[in-house]
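Student: I have a model open on my screen and would like to walk through it with you. Could you take my questions as they come?
Tutor: Gladly, go ahead.

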Amino acid sequence: STQLCRIGINGMTCTTCSTTVEKALQAIPGVQNARVALATEAAEVHYDPKILNYNQILAAIEDTGYEATLIS
Ligand code: 9UX
């Protein structure tokens with residue numbers, strides 16, 4: 001199954017920042033697709049809810065040094 005969550009990310013100022021977050025998300029087991037947009041300061045993450053929950057996705061973003069808040 002697939003779940004989509006949208007996450008706001010604060011603190012990204014360049015494309016290296018957004019690529020860092022995107023690669024970190026893509027490396028998480030259970031994440032099927034992750035895109036991070038610098039312009040909108042947001043991520044869209046498709047994941048398998050049997051493997052992880054959105055709180056773990058938020059934590060993975062914060063581990064890269066940026067602030068993450070769930071949008072939907
Ligand atoms: Mo981006 Mo660099 O905004 O340390 S600033 S990766």
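Student: Which residue in S3 is the bridge partner of Cys-5?
Tutor: The bridge partner of Cys-5 in S3 is Val-45. Residues are numbered from 1 along each chain as its sequence is written. This is a predicted model, in which local features need pLDDT of at least 70 and side-chain atom pairs count only at pLDDT 80 or more, while totals for chains, interfaces and linings use all residues. Strands (E, at least two residues) and helices (H or I, at least four) are DSSP runs, numbered from the N terminus.

Student: How many bridges join S1 to S3, and who partners Arg-6?
Tutor: S1 and S3 run antiparallel and are joined by 6 bridges, and the partner of Arg-6 in S3 is Glu-44. Two strands are taken to pair if DSSP finds at least two bridges between them.

Student: What is the strand order in the sheet?
Tutor: The sheet is open, has 4 strands in the order S2-S3-S1-S4, and its pairing is antiparallel. S2 and S4 (67-70) stand at the edges with a single partner strand each, so one side of each is left without a neighbour in the sheet. Neighbouring strands are turned against each other by 25° on average, direction ignored, where axes are lines fitted to C-alpha atoms, for helices over the stretch in contact, and angles run from 0 to 180 degrees between N-to-C directions.

Student: And what packs on that sheet?
Tutor: H1 packs on the sheet and touches S1, S2 and S3, with its direction making about 170° with that of S2. Contact here requires that the C-beta atoms of two residues, placed from the backbone, lie within 7 Å.

Student: Which residues of S3 are on its covered face, and which on the uncovered one?
Tutor: The covered face of S3 has Ala-43, Val-45 and Tyr-47, whereas Ala-42, Glu-44 and His-46 make up the uncovered face. In a regular strand the side chains alternate between the two faces of the sheet.

Student: What does Ala-43 touch, leaving aside its neighbours in sequence?
Tutor: Beyond its neighbours within four places in sequence, Ala-43 is in contact with Ile-7, Ile-9, Val-21, Leu-25, Ala-34, Arg-35 and Val-36. Ala-43 is also among the residues with the most contacts inside the largest nonpolar core, together with Ile-7, Ile-9, Val-21, Val-45 and Ile-61, and that core has 14 residues. The elements giving it two or more residues are S1 (3-10), H1 (15-26), S2 (31-37), S3 (42-47) and H2 (54-63), and the largest share, 3 residues, comes from S3.

Student: What counts as a core, and as buried?
Tutor: A nonpolar core is a set of buried Ala, Val, Leu, Ile, Met, Phe, Trp, Tyr and Cys residues joined through C-beta atoms within 7 Å. A residue is buried if 20 or more other C-beta atoms lie within 10 Å of its own, exposed if 12 or fewer, and partly exposed in between, with C-beta atoms placed from the backbone.

Student: Switching to the S2 and S3 hairpin, how many residues lie between the strands?
Tutor: The hairpin has 4 residues between S2 and S3, and Glu-41 in the turn has a positive phi of about 50°, although Glu-41 is not a glycine. Glu-41 is partly exposed, because 17 other C-beta atoms lie within 10 Å. The two strands pair in the antiparallel sense over 6 bridges, with Asn-33 opposite His-46 and Val-31 partnered by Tyr-47.

Student: What about Gly-11, where is that?
Tutor: Gly-11 is in the loop between S1 and H1 and, leaving aside its neighbours within four places in sequence, is in contact with Tyr-66 and Glu-67. Glu-67 also stands opposite Asn-10, as a residue of S4.

Student: Last one: which residues surround the ligand?
Tutor: The ligand is surrounded by Thr-13, Cys-14, Thr-16 and Cys-17, a residue being near a molecule or strand if its C-beta atom, placed from the backbone, lies within 6 Å of it.
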